[in-house]
Amino acid sequence: MMPKPSHPVPAQAPMAQPPLAPAPLTQAPLTPSPLTPVSLTPAPLTPAPLTHVPAEVGQALSPANNPVPAHPVAHALLRAASRLVSTLAFAALLQAQTQPLNFQNSPRIHELIRAGNLYLSLQDALAATIENNLDVELQRYSLPAAATDLLRAQGGGVVRGLNYTLAEVPVGVGGPLSPVVTNAATSGRATAGTSVPSNALELGVLSPPQVNLSVLGTVPQSNGTAVPIFDPALVGQLNWTHQTAPQINFGSYGTNALVTNTTVANAGIQQGFSTGAQASVNFNNNHQNLNSLTSGFDPYTGSSLGLTVTQPLLRGFGNSLNRRFIRIAGNEQKITSLLFRQQLIATVYGVIRIYTDFVALSEDEKVKQETVNLAEKLLADTRAQVEEGTLAQVEMTRANAQVFSTRQDLINARGLREEQEAILKNVLTRTGNADPEVRSAHIIPTDPLNLPEKDEIRPMQDLISDALVNRPDLDQARLQIENSQIGLLGAKSLTQPEVDLVGVMQNNGLAGPANPFVSNPYPGYIGGYGTTLDQLFTRKYPTYGIGVQVTLPIHNRIAEADLARDELQVKQSEIRLRQLQNQARLEVEDALIAMRRARSSFEAAEEARKLQQESLEAEQAKFEVGASTAFFVIQYESLLAQAKSTEVAAKSSYVKARAALQRAMGSILDENHISFDQAIKPR
């Protein structure tokens, strides 16, 4: 029988547990990404910009604007500043999570109410909308949401994406030539008094339309290669085991039942890097106490301190590849700012439109009231002449019918104005008609419909060029395509073979008291835990290793198909961008046409109203001397009412066309003196 060794061999020291292997790390680097200040700060319901992290700090920390300094001290300072900015951004996100929602109207709304009336100018309407409108408020929350994607990407996570759906202001019931009435209006003429308004809800003019600005389609892009987790992780294990094992050979351990008490205490740290490398440092400890008579040391402690590094050489290699989600998240912050600006543009345009329609409906109601007054005066004059016997009784019937017909027109006009008022209140406030003071208040518009003396319009090609540069919906579409192109890096990398360079470096140690039943134990192992640590840090028993691990797929059809699909989707996105650009050009041209048409219509309607007024006055003079009948007076009264309504509609159309041109060019916020930075802040 071969003699048993008098002491354990260090390289074969009994270890109850193997060294901790690095856990699979699947995400990305810590390199700072530019922070968009306006998208990080929350507020009670309106997340404000992160004022304590200025834009220049985020730009200074941008990898694109600030390459890694060669000097190690400068590099360390840059990383410390990056961590500080990330900490401040994370604190702002926590604030957004803990702040309660506030659904109370801003004080401005109640300050504008006097004696039961809400006196409202266009500027007041715009300011109240920016403070209270829930569509704008909803979009504000996408700003800190994008910051969470950046925070996630900096830790190595895949971005969760954005919501590209924006809400428009409801269509409203329109002006005096509105299609809300059941019989369609004819060109240049007001609707007849026999029309009956339809239900606005059934016509879909109360619900806000929605538009989706995504150019990526409904099928998401593939994630590509996994990104290492850049956040370091501490791992540990503490375990105690008692084991009794029957032995068939008494001479092996000097006992028929080997009793072992094992305590394992392991700790380690693991981290991924932007090159794709994964590293882990593990400190393992194994303390065993056994009843063996042949073991040279009992009890004894075996320890190891090791470093394991795995670096991909093909698939998963490269800073740009593994930092792609950080770059995508940085672009998403820019996109959310652009989407918020686009929501502001859509909302401001919508408020101008429905405010203009409300003013037009209010003026048209006055026109209808004047027509009723004229019809009632005609009825009184006709009654007097019938009683005198100078007119036939049938003229009395005609005049009476005209009164009721004009009253029907007035009822229609008043109903449309009230419906538009309810829609306007809902856009301006957070509570809608739930606030009793707002519900009972009547809106009195203080800004009339005015046309400038002359239109100062630049050449259409210049306007289109400005629109293509200034419109945020086009800018965010370009960034979406840029993100798709960045995402292609992952799909391309996944088609490459997997070749990993693996390196291991480990120091071992073992010590314990000598077993009195074994002669001549190795003196270098005699001692306690301190002896074990001394062996580790003096590297008495080192282990080294380096190797290459290769996985070469015979067919990689899944990755190749994903790459081909992603490249096709990028091309589709570029086509959708071209569609948006063509739509922008069309909107500019259409707004110019609408402005020219509205001004010409107003000038014609103004002259027609003057002439109809003169014709009515002449016919009334003839009627008073008995040279005309009520029939002709009624006809001229109707023509005058139509001319006045057409004049109001033309002015309304011009104001809305001008606002549409400002929206199409992306300049409507500047034209109405609205600050984007102020709009994004809490009230």
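Modeller: Histidine 673 lies in the loop that runs between helix 17 (668-671) and helix 18 (676-679). Keep in mind that this is a predicted model.

Biologist: Why is histidine 673 called exposed?

Modeller: The cut-off for exposed is over 50% relative accessible area. Histidine 673 has 70% relative accessibility, so it counts as exposed. Its phi is positive, about 55°, although histidine 673 is not a glycine.

Biologist: What makes a positive phi worth a remark?

Modeller: Most residues other than glycine have a negative phi. Arginine 539 also has a positive phi of about 55° and is not a glycine. You will find arginine 539 in the loop between helix 14 (529-537) and strand 11 (541-551).

Biologist: Now the open sheet with the order 1-2-9: what makes strand 1 and strand 9 its edges?

Modeller: Strand 1 (113-114) and strand 9 (442-445) each have a single partner strand, so one side of each is left without a neighbour in the sheet.

Biologist: How do you know that strand 2 and strand 9 pair?

Modeller: Pairing takes at least two bridges. Strand 2 (residues 117-120) and strand 9 have 4 bridges, in the parallel sense, so they count as paired. In one of these, asparagine 117 has histidine 442 of strand 9 as its bridge partner. Helix 10 (residues 393-428) packs on this sheet and touches strand 2 and strand 9.

Conventions
Residues numbered from 1 in each chain as written. Predicted model: local features only at pLDDT ≥ 70, side-chain atom pairs only at ≥ 80, totals over all residues. Heavy atoms only, no water. Helix = DSSP H or I, 4+ residues; strand = E, 2+ residues; numbered from the N terminus. Buried < 20%, exposed > 50% of the residue type's maximum accessible area, 1.4 Å probe, protein only. Contact = heavy atoms within 4.5 Å. Axes fitted to C-alpha atoms, helices over the stretch in contact; angles between N-to-C directions.
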